[in-house]
Amino acid sequence: SFKNLQSRGGSDTLNMSKLLSQKSDGILKNYFEEVKTVEAIFIQQREDPPLTKNQPPIAGAIHWSESLFQRIKKPIMRFQTEDILTSLKGKEVRKKYVDVARQMKDYATQLYDTWVRDVND
């Protein structure tokens with residue numbers, strides 16, 4: 001069990017730490033690729049986002065961007081609770097996530113502001 005490995009101390013503990021670090025880096029690498037994929041989808045489809053049947057264009061576009069955002073938000077929330085983002089790779093991943101999330105928020109805000117202006121005119 002993990003407690004037995006931990007209680008032995010010495011090189012076993014160092015090997016376990018190294019193994020966990022390597023696994024964390026692999027997970028972060030995969031997540032980084034996922035964030036890049038979501039960003040590519042967002043950039044490619046933001047001018048004409050896919051909508052469900054009978055969905056209003058503005059509300060549908062905002063809903064679409066929010067669903068993409070949720071796709072990348074859940075994992076990073078878990079990483080924060082597990083302290084995985086403190087490594088160099090973790091900081092790089094967090095920066096990319098914040099950049100993509102900001103693009104999506106700006107997009108939704110711009111759509112909403114345009115809609116409000118159009119409705120009030």
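1. To count, rings of Phe, Tyr or Trp (its six-membered ring) need centres within 6.5 Å; planes under 30 degrees apart are stacked, over 60 edge-to-face, and the rest tilted. Take Phe 42 and Tyr 107: their planes stand at 85° with the centres 5.2 Å apart, so this pair is edge-to-face. It also links distant parts of the chain, since Phe 42 belongs to helix H2 (residues 10-45) and Tyr 107 to helix H4 (residues 88-120), 65 residues apart.

2. Before going on, a word on what you're looking at. The model is predicted, so local features need pLDDT of at least 70 and side-chain atom pairs count only at pLDDT 80 or more, while totals for chains, interfaces and linings use all residues. Residues are numbered from 1 along each chain as its sequence is written, and side-chain values use heavy atoms, with hydrogens and water left out. Helices here are DSSP runs (H or I, at least four residues), numbered from the N terminus.

3. H3 (residues 57-81) has 25 residues and reaches 36 Å from first C-alpha to last, close to the expected 36 Å; the expected span is 1.5 Å times one less than the number of residues. Still, H3 bends by about 25° at Lys 73, and Pro 75 follows within four residues. (The bend is the angle between axes fitted to the seven residues ending there and the seven starting there.) Among the buried residues of H3 are Trp 64, Leu 68, Ile 72 and Phe 79. After H3 comes Asp 83, with a positive phi near 60°.

4. Finally, have a look at two lysines. Lys 89 lies over the face of Phe 32, 4.8 Å from the ring centre (the cut-offs: NZ of Lys or CZ of Arg within 6 Å of the centre and within 35 degrees of the ring normal). Lys 96, in helix H4, counts as buried because its relative accessibility is 18%. Leaving out residues up to four places away in sequence, Lys 96 touches Phe 32, Val 35, Lys 36 and Glu 39, with contact meaning heavy atoms within 4.5 Å.

Methods. Helices (H or I, at least four residues) and strands (E, at least two) are DSSP runs, numbered from the N terminus. Buried means under 20% relative accessible area, exposed over 50%, partly exposed in between (1.4 Å probe, protein chains only).
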